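Student: Can you walk me through this one? I'd like to start with the metal site, then the sheet, then the charged pairs.

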Amino acid sequence: MSGHLRIRWTIVPSTAPQPLINCNRCGGLKPYRCSGRFRVNANGKRIDAWLIYRCVDCDNSWNFGILERCSRRDIEPARLAALESNDPVLAYRHAFDVIALRRQVGRVEEFPDVAVRKEVLEGTRESAAVLELRLGLEMSTSLRLDRLLSGELSISRSRLQALEEKRLLSVDPEGAKALRKPARQGTTVRIDLVGEDDRQAIISAAGG
Ligand SMILES: [Zn+2]
């Protein structure tokens, strides 16, 4: 056995972050869910656009500002059309923009659920000594790397830690406690499986 089995994991967060808003209808701090719809005010030369959120309990609405008093000249017609037609890809992109949301709300709840698409880039399962996982994330997630690996590979987090301590698992780029931090775009995880009894099971789970 020699060589690497290189697999790309494309990770797509499933549930959009929810801002916590002081709901003036039902009272108290409540999570608001993205409706997937925009509100666009494009009457004059100035354009405002918001992504509409709704209280999970009472349906009260809150507007997440996307464009504010923007000059019509500065907006690409395709983008305006996407806003006006509630384009789902554009709504998805804004709904996962946690940084912009936090700037407007302060408190935002994030969800760790993701869908993972697995695709072999190089190597074969029979000859692989080292499993190499390349992570691709278009949107950020709060899901910790060890939880992602444990869930997808069906191995415990304590075993992941043991593999790391024995230097059979490495994370690139390296960082202190990288396993305990959220999974990041461009991360590569390498696991040396030569001496592991369940090598085939791990490789299958990884998508090989
Ligand atoms: Zn409410």
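The chat below takes those topics in turn.

Tutor: This is a predicted model, where local features need pLDDT of at least 70, side-chain atom pairs count only at pLDDT 80 or more, and totals for chains, interfaces and linings use all residues. Residues are numbered from 1 along each chain as its sequence is written, and side-chain values use heavy atoms, with hydrogens and water left out.

Student: Which residues coordinate the zinc ion?

Tutor: Cys-23, Cys-26, Cys-55 and Cys-58, each through SG, at 2.3 Å. Donors are N, O and S atoms within 2.8 Å of the metal (3.2 Å for Na, K and Ca); water is not among the atoms, so sites may look incomplete.

Student: How are the donor residues spaced in sequence?

Tutor: The pattern is C-x2-C-x28-C-x2-C.

Student: And why is the arrangement called tetrahedral?

Tutor: Because the four donor atoms subtend angles of 102 to 119°. The rule for four donors is that all angles lie between 85 and 135 degrees.

Student: Is Cys-23 buried or exposed?

Tutor: Cys-23 is buried, at 2% relative accessibility. Cys-26 is partly exposed, at 32%. Buried means under 20% relative accessible area, exposed over 50%, partly exposed in between (1.4 Å probe, protein chains only).

Student: How many bridges join strand 2 to strand 3?

Tutor: Three, between residues 18-22 and 29-41. In strand 3, Lys-30 is the bridge partner of Ile-21.

Student: What does the side chain of Lys-30 meet in a salt bridge?

Tutor: Asp-57, at 3.1 Å, N to O. Lys-30 lies in strand 3 and Asp-57 in the loop between strand 4 and strand 5, so the pair ties together parts 27 residues apart in sequence. Lys-30 counts as buried at 18%, while Asp-57 is exposed at 53%. A salt bridge here is a side-chain nitrogen of Lys or Arg within 4 Å of a carboxyl oxygen of Asp or Glu.

Student: How many salt bridges does the structure hold?

Tutor: Eleven. Arg-6, Glu-122, Glu-132, Arg-134 and Arg-190 are linked in a network of them.

Student: Where do Glu-132 and Arg-190 lie?

Tutor: Glu-132 is in strand 8 (residues 130-137) and Arg-190 in strand 10 (residues 188-192). Their closest N and O atoms are 3.2 Å apart.

Technical notes
Four donors count as tetrahedral if all angles lie between 85 and 135 degrees; four count as square planar and six as octahedral if opposite donors are over 155 degrees apart and all others between 65 and 115; anything else is irregular. Two strands pair if DSSP finds at least two bridges between them. Helices (H or I, at least four residues) and strands (E, at least two) are DSSP runs, numbered from the N terminus.
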